[in-house]
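Please examine the sequence and the structure shown below before reading further. The briefing that follows treats confidence, helices, the sheet and salt bridges in turn.

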Amino acid sequence: MPFKNLTSWNVMLAGCMKSGEVELARKAFSEMPMKDGVSWSTMIVGFSQKGYFDEAFGHFRELRRVGMTLNEVSLTGVLSACAQAGAFEFGKILHGFLERAGFLWMVSVNNALLDTYAKCGDIAMAGLVFERMPQKRTIVSWTSLLAGLAMHGHGDEAIQLFHEMASTGVMPDGIIFISLLYACSHTGLVKEGCTYFDEMRNVYNIEPSIEHYGCMVDLYGRAGQLRKAYEFACQMPIPANAIIWRTLLGACSFYGNIELAEKVKLKLSELDPYNSGDHILLSNVYAVAEKWKDVAAVRRSMNDLKIQKTPGWSMIEVDKVMYTFLAGVKQDDKIVVEAYEKLKEIMLRLRLEGGYAPEVGKVLYDIEEEEKEDSISSHSEKLAVAFGIGRLCKGKKIRVVKNLRICRDCHVMMKLISDVYNVEIVVRDRSRFHSFKDGFCSCRDYW
């Protein structure tokens, strides 16, 4: 272009971010002769959406430093980054700033703040933000709080909130029903979930989408009603997608149903043959039954198809800095070394005081017991919690965000740590929250 103005630069930024060219966007931003609120907002929102959380926080701080006027988009963007990363302390600082600067009159900012607290593991503060909203609550406000309650396993409270919303005259939509069914699924409220699924169509004239059908399969699967879940998926008026079959495969893996797992895996092989998670779940079923030849066959299949396992990672916030740990990666980085050293100390104390014995039966390889213990001891959430215990002040709640579902051994270990070390641990895995305190978990071992 012979002449570039601010608008063309901003369009370029937005185009790069939307197409995933983050480095190009970063380069263009640094070369801009002049930047406005749109430029900064585009970068903050883009970084947040692409998972570059530290960059989103850094650009927000720089925006404040240069004295640029804040707008609704940049505020909701940085709050979204806090929510996704589980950056609770940074979110609290933002809350204080928003209150002092007079931004809490905006409904969208309140909704983003509510969502941040809910996804950072403080559902009580999310409820407080909801109660104190100065403007009329929108369907987004109700949905955000209900989804938060669902993620924390508060099924009864989610149902109560749904009825409260209906009593205020706010009409539910398909999205809030997804959260409602999700809440029923994660707390074992099978009867209630079936009732709301029927009411959605018969009372509110909302035609179920693929997501609603998926919630129902999950509802039956988590409750151990695997055959019913399979029949429901087969009889759906919409063809079940890979996500639905994967949900059922996960339930088969959890309950150790080999026969049904193999049937479901055949369906997935047709829809999404290169998904590493599906192969791992089937391998898990075989491993629990100690069918090592079948485990090896699954592994060979993964190698033949050149399928790489999705690495597990966990993030923890310490002194407003986000730290990421990878499963099974013994790096020379001093932070990782520190975490491993603390973890060794914790495991020794748990064995002596808590009677901890690693659940090596869940390890997916036919290897020696000692090797199995090494395998499960390097799970990323264990490293993150160990690092948190070593670095955080006594009495501070440990908050961890994880990209995969927490395993049984880690779940047992977190309960023991919370009791032996007298610390509260909040773990957000890919589907829900687990709050560990005094040797118990908020999920009541139903997840």
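How many residues does helix H21 have, and what distance does it reach from its first C-alpha to its last? Helix H21, residues 380–391, has 12 residues and reaches 17 Å between those two atoms, close to the 16 Å expected at 1.5 Å a residue. The model is predicted, and the protein chain averages a pLDDT of 89.

**Confidence in the model**

- In this predicted model, 95% of the residues score a pLDDT of at least 70.
- Residues 364–374 form a stretch over which pLDDT stays under 50.
- For residues 364–374, the model has 19 contacts beyond four places in sequence.

- Helix H21 is largely enclosed by the rest of the structure, because 10 of its 12 residues are buried.
- Ser 380 lies in helix H21 and counts as buried, since its relative accessibility is 1%.
- Leaving aside residues up to four places away in sequence, Ser 380 touches Gly 312, Trp 313, Ser 314, Phe 325, Leu 326, Ala 327 and Lys 402.

**The sheet**

- Six strands make up an open sheet with mixed pairing, in the order S2-S1-S3-S4-S5-S6.
- The edge strands of this sheet are S2 and strand S6 (440–441), each of which pairs on one side only.
- Strands of a sheet pair through backbone hydrogen bonds, and the pairing may be parallel or antiparallel.
- Strand S1 (residues 313–318) and strand S2 (residues 321–326) run antiparallel and are joined by six bridges.
- Within this pairing, Met 315 has Thr 324 in S2 as its bridge partner.
- S1 and S2 form a hairpin with two residues between them.
- In the turn of that hairpin, Asp 319 has a positive phi of about 55°.
- Strand S3 (residues 398–402) pairs with strand S4 (residues 425–428) in the parallel sense, over four bridges.
- Val 400 stands opposite Val 427 in S4.

**Salt bridges**

- A search of the whole structure finds 20 salt bridges.
- One of them joins Glu 55 to Arg 26, with the closest N and O atoms 4.0 Å apart.
- Glu 55 lies in helix H4 (residues 53–65) and Arg 26 in helix H2 (residues 22–31), so this pair ties together parts that are 29 residues apart in sequence.
- Glu 55 counts as partly exposed because its relative accessibility is 25%, and Arg 26 counts as partly exposed at 25% relative accessibility.
- Glu 23, Arg 26 and Glu 55 are linked in a network of salt bridges.
- Glu 62 forms a salt bridge with Arg 65, and their closest N and O atoms are 2.6 Å apart.
- Because they are three residues apart in helix H4, Glu 62 and Arg 65 are separated by about one helical turn.
- Glu 62 is partly exposed at 30% relative accessibility, whereas Arg 65 is exposed, with a relative accessible area of 61%.
- The side chains of Lys 119 and Asp 115 also meet in a salt bridge, at 3.3 Å from N to O.
- Lys 119 and Asp 115 are four residues apart in helix H7 (residues 107–119), so about one helical turn separates them.
- Lys 119 is partly exposed, with a relative accessible area of 28%, and Asp 115 is partly exposed, with a relative accessible area of 22%.

Notes: Residues numbered from 1 in each chain as written. Predicted model: local features only at pLDDT ≥ 70, side-chain atom pairs only at ≥ 80, totals over all residues. Heavy atoms only, no water. Expected span 1.5 Å × (residues − 1). Buried < 20%, exposed > 50% of the residue type's maximum accessible area, 1.4 Å probe, protein only. pLDDT = per-residue confidence, 0-100. Contact = heavy atoms within 4.5 Å. Pairing = 2+ DSSP bridges.
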